[in-house]
Amino acid sequence: MTVQSLGRAPLVTASNGSSELAARYFAVRRWTVQICEPLCIEDYVIQSTPDASPVKWHLAHTSWFFETFILVPHLPGYRPFHPEFGVLFNSYYNAVGPRWPRVQRGLLSRPTVAEVYAYRVHVDQGMARLFEPDKKDLLERVASTLVLGLNHEQQHQELILTDLKHALAGNPLHPAYRVPAVKCRGSSIDDGKRTLDSRSAPSTDWVPFRADVYAIGHEGNGFAFDNESPRHNVYLNGFRMATGLVTNGEYMAFLEDGGYERPELWLSDGWTVRQGQGWTAPLYWDCTQDQWQVMTLGGLQALDPREPVCHVSFYEADAYARWIGARLPLETEWEVAATAPIAGHFLESERFHPAAQRAPDDSGPLLRLYGDVWQWTGSPYVGYPGYTPPTGALGEYNGKFMCNQMVLRGASCVTPRSHARRTYRNFFPPDARWQFSGFRLARNSDH
């Protein structure tokens, strides 16, 4: 079986009498397969860091979710594809049973990629039975878990690309995942023939917000993860938010001013990590013969000063903010400020890289609230007042990670558009850099 035929494994479709939910299920599952179409067989199995997972594992784990939480407990007569897959592809659900160690996911040559695709087809066939007209009552009982599973798979669509990028970036051949549908240009630096001119970065404007009591959290319409609730009131002092994201050119000025060599700009833990990891620039930046380049999913490209800076940790974002005399916004401030309709460069644009120009449908006063890069905030990831995790194994989805993590808001260039919303709370450890993470600035009001 060829790699191409693996990527185009037969897709089960919903029956004519099935629901809109069924159509959404198969659309999301097709997108995951479509993301994998450019891959070679070797690309599926590599694990370049303990924080990442092989593509093959993502494909199986997302299927495991539907099998474990919907098909096995609810669909009469369903038989699991393989008795050991429950151990191999359980991520962190202790209530479900034992798990294969995360750091060893890249050691599994078996099951093969072909077997994993067969597993996906097997699960899709089971889900197709669930969507049959005579299963309407059953579908209603599991609908909330199914929608959670679809959003879970969209998270893993993004993770496939972020994890794959980390693996490809470590290869001295600088291989491309695929040439983006919209080529990212470095025109303002003559396609890399000159050194990056940090002075070409645009100036920042500020939008004021008054001191007031604001409602924060999901309003109850449509899907949201449990960590987005309950909705509650917070008092915020007056603040100002930068109109745009910090760019490569602006960040380069921090680098050229010795930002990575000045401990007074860094949090203590951040400085320790910077020293230990040898950070001297954002992840994937490289300077060869005085020419700055950046590794992208489209291969090595000239660094464009107009693009939002990407693949920086919370520590780096915080150090830059201190250097320039600003700060990172609180997540509550970000949510209050994010009143514009959702617009930006998402997964569906197939850029796979932050864009130098904002999307045509992106309108202010604050720009790039969604898409391009996730935005670090100055808020630790904790539960909202009154939050309690759901009961059962699915209660482990978010609640147990509310420690030693920082919140990011918005979305990135590899986030599905339908997955972005104003109240979405992404979270990662403060030293994480392999995600498509950038930032915007905030300041306290002068009055």
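Biologist: Which residues do ring pairs link into a cluster?

Modeller: Ring pairs join Tyr25, Phe26, Trp64, Phe65, Phe66, Phe69, Tyr92, Tyr93, Phe131, Tyr381, Phe401 and Phe427 into a cluster. Rings of Phe, Tyr and Trp (its six-membered ring) count as a pair if their centres lie within 6.5 Å. This is a predicted model, in which local features need pLDDT of at least 70 and side-chain atom pairs count only at pLDDT 80 or more, while totals for chains, interfaces and linings use all residues. Residues are numbered from 1 along each chain as its sequence is written, and side-chain values use heavy atoms, with hydrogens and water left out.

Biologist: How many aromatic pairs does the structure hold, and how is a pair described?

Modeller: A pair is described by the distance of the ring centres and the angle of the planes. Planes under 30 degrees apart are stacked, over 60 edge-to-face, and the rest tilted. The structure holds 42 aromatic pairs. The ring centres of Tyr251 and Phe439 are 6.5 Å apart and their planes lie at 75°, so this pair is edge-to-face. Because Tyr251 lies in helix α7 (residues 248-256) and Phe439 in the loop between β11 (437-438) and β12 (442-444), the pair ties together parts 188 residues apart in sequence. Helices (H or I, at least four residues) and strands (E, at least two) are DSSP runs, numbered from the N terminus.

Biologist: Is Tyr251 buried or exposed?

Modeller: Tyr251 is buried, with a relative accessible area of 0%, and Phe439 is likewise buried at 0%. Buried means under 20% relative accessible area, exposed over 50%, and partly exposed in between (1.4 Å probe, protein chains only). Trp334 and Tyr370 also form an edge-to-face pair, 5.8 Å centre to centre with 90° between the planes.

Biologist: What lies over the face of Trp57?

Modeller: Arg105 does, at 3.6 Å from the ring centre. A charge sits over a ring if NZ of Lys or CZ of Arg is within 6 Å of the ring centre and within 35 degrees of the ring normal. The charged end of Arg274 sits over the ring of Trp271, 4.6 Å from its centre.
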